[in-house]
Amino acid sequence: MPPTRIGRGRAPGKVILAGEHAVVYGWPAIALPLQRYVTVEVFAAERDRARQPDGHRNGGSVTVDGTRRVSLEALLVAAGRTLQASTENLAIRVLSEVPEAMGLGSSAALSVALIRALANYHGTPLSDDEASGHAYTLECLFHGQPSGIDNTTAAHAKLIRFVRGERTRALTPPSPLRLAIVLGKQPRQTRSAVEKLRFARAQRPQLLDAHFAQIGALVERAAHALCQGDWHALGQSMTENHALLAALGVSTAELDDLVHRALDYGARGAKLTGGGGGGAIVCLCPENRPELMRRFVETGWDCFAVDWPPAQGGSNERRTAQLDAHASCA
């Protein structure tokens with residue numbers, strides 16, 4: 001028998017350091033990839049029936065906003081449509097290391113990985129820009145009209161300053177960036193949070209735009225601090241960003257509590273990450289990350305470390321080895 005053809009694709013989750021929500025309205029944001037991945041395989045449906053492998057297949061679905069689910073079959077068909085590639089009699093298998101419904105880009109990682117897998121199956125080469133563009137079409141199934149920062153970060157796997165409609169700029173800190181992600185117990189509801197802000201902006205445009213402008217200014221301060229390795233200034237910008245997001249109503253009591261705990265445990269800065277309404281926080285902890293994570297775990301919270309550049313031997317190492325080594329803050 002001829003060997004079974006399999007298309008494979010892979011993409012990381014992401015964490016936003018500053019700028020969520022404002023980025024939807026044209027302000028800048030900063031994001032970087034996680035060392036956690038979504039991997040997708042595309043293959044003939046007969047193989048799926050014969051082997052019944054572990055993982056999701058066409059009959060499966062993925063969680064959106066903590067409650068709503070999108071079927072993998074619908075996602076595969078949408079991927080074929082945007083790539084102008086046949087999906088007839090194809091099945092998919094998904095393996096995810098990215099927590100769902102936590103604001104960590106699981107849907108964007110899935111979208112990019114699926115686009116890459118289907119293109120790989122059909123022998124169609126794709127640039128990172130092309131993969132990102134096609135994945136954005138799939139992201140609209142999840143989130144309506146997202147900014148594009150999630151799929152851009154997942155496709156390029158770089159630490160970036162992102163502005164909607166502008167060329168993305170890679171950032172390079174002079175020393176390693178050490179972060180910790182703490183997972184809340186309340187899944188986030190990004191779409192409802194975005195729609196709530198969109199309605200509020202329609203009612204009070206000057207007030208909301210003033211908040212977004214403040215967030216945009218914080219992002220620029222954070223980008224400068226990151227490129228200078230000024231962790232005090234970066235952490236301060238992150239914490240102030242959280243306060244502004246809380247004022248906009250997209251934080252929760254749980255997320256606020258986690259941020260306060262992180263600061264008490266010695267983080268330089270902390271904030272919610274992603275759409276809010278639940279989810280996770282990101283902590284900047286260049287000196288004391290093991291102690292901070294230990295204290296969170298002891299009090300019942302799940303957390304994991306994120307490094308940029310990725311630590312040697314990390315699951316992100318193979319992917320980042322393929323990236324442009326000359327990206328800078330210039």
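Student: Of the contacts in the protein with a separation of 6 or more, what percentage comes from residues 24 or more positions apart?

Tutor: 75% of them. Bear in mind that this is a predicted model.

Student: Noted. How many helices and strands are there in the protein?

Tutor: The protein has 11 helices and 11 strands.

Student: And what share of the residues is buried?

Tutor: Of the 330 residues, 56% are buried.

Student: OK, cores. Which residues touch the most other members of the largest nonpolar core?

Tutor: V40 and L177 do, in a core of 89 residues.

Student: Take V40, then. What does V40 touch, leaving out residues up to four places away in sequence?

Tutor: Its partners are G7, R8 and G9, then I92, R93 and V94, and also L110, A113, L114 and A117.

Student: Switching to helices. At what angle do α3 and α5 pack?

Tutor: About 50 degrees, and their axes are 8 Å apart. Helix α3 covers residues 106–121, while helix α5 covers residues 149–156.

Student: So are those two parallel or oblique to each other?

Tutor: Oblique: roughly parallel would need an angle under 35 degrees, and roughly perpendicular starts at 65, so α3 and α5 land in the oblique class. Their crossing is right-handed.

Student: Which residues make that contact?

Tutor: A108, A109, V112 and R116 come from α3, and D150, N151, A154 and A155 come from α5. By class, the contact of α3 with α5 has five nonpolar residues, one polar and two charged.

Student: Let's zoom in on A108 of helix α3. Is A108 buried or exposed?

Tutor: Buried, because its relative accessible area is 0%, and the cut-off for buried is under 20%.

Student: What is A108 in contact with, apart from neighbours within four places in sequence?

Tutor: E139, D150, N151 and A154. For N151, which is 43 residues away from A108 along the chain, the C-alpha atoms of the two are separated by 4.9 Å.

Student: Now the other helix pair. How do the axes of α9 and α10 cross?

Tutor: Helix α9 (residues 253–264) and helix α10 (residues 289–298) cross at roughly 135 degrees, and their axes come within 10 Å.

Student: Why isn't that called antiparallel?

Tutor: Roughly antiparallel needs an angle over 145 degrees, so α9 and α10 count as oblique to each other. The crossing of α9 with α10 is right-handed.

Student: And which residues meet there?

Tutor: L258, R261, A262 and D264 on α9, with L292, R295 and F296 on α10. Those of the contact of α9 with α10 divide into four nonpolar and three charged, with no polar ones.

Student: Last stop, A18. Where is A18 found?

Tutor: A18 is in strand β1, which spans residues 6–18. A18 is buried, at a relative accessible area of 2%.

Student: How many residues separate A18 and E240 along the chain?

Tutor: They're 222 residues apart along the chain, and their C-alpha atoms are separated by 9.7 Å.

Student: What does A18 touch, once you skip residues up to four places away in sequence?

Tutor: A29, I30, V219, A222, N241 and K271.

Note on methods. Residues are numbered from 1 along each chain as its sequence is written. This is a predicted model: local features need pLDDT of at least 70, side-chain atom pairs count only at pLDDT 80 or more; totals for chains, interfaces and linings use all residues. Side-chain values use heavy atoms; hydrogens and water are left out. A nonpolar core is a set of buried Ala, Val, Leu, Ile, Met, Phe, Trp, Tyr and Cys residues joined through side-chain atoms within 4.5 Å. Buried means under 20% relative accessible area, exposed over 50%, partly exposed in between (1.4 Å probe, protein chains only). Contact means heavy atoms within 4.5 Å. Axes are lines fitted to C-alpha atoms, for helices over the stretch in contact, and angles run from 0 to 180 degrees between N-to-C directions. Helices (H or I, at least four residues) and strands (E, at least two) are DSSP runs, numbered from the N terminus. Angles under 35 degrees count as roughly parallel, over 145 as roughly antiparallel, 65 to 115 as roughly perpendicular and the rest as oblique. A crossing is left-handed if the near helix is turned anticlockwise from the far one by less than a right angle, and right-handed if clockwise. Ala, Val, Leu, Ile, Met, Phe, Trp, Tyr, Cys and Pro count as nonpolar, Asp, Glu, Lys and Arg as charged, and the others, Gly among them, as polar.
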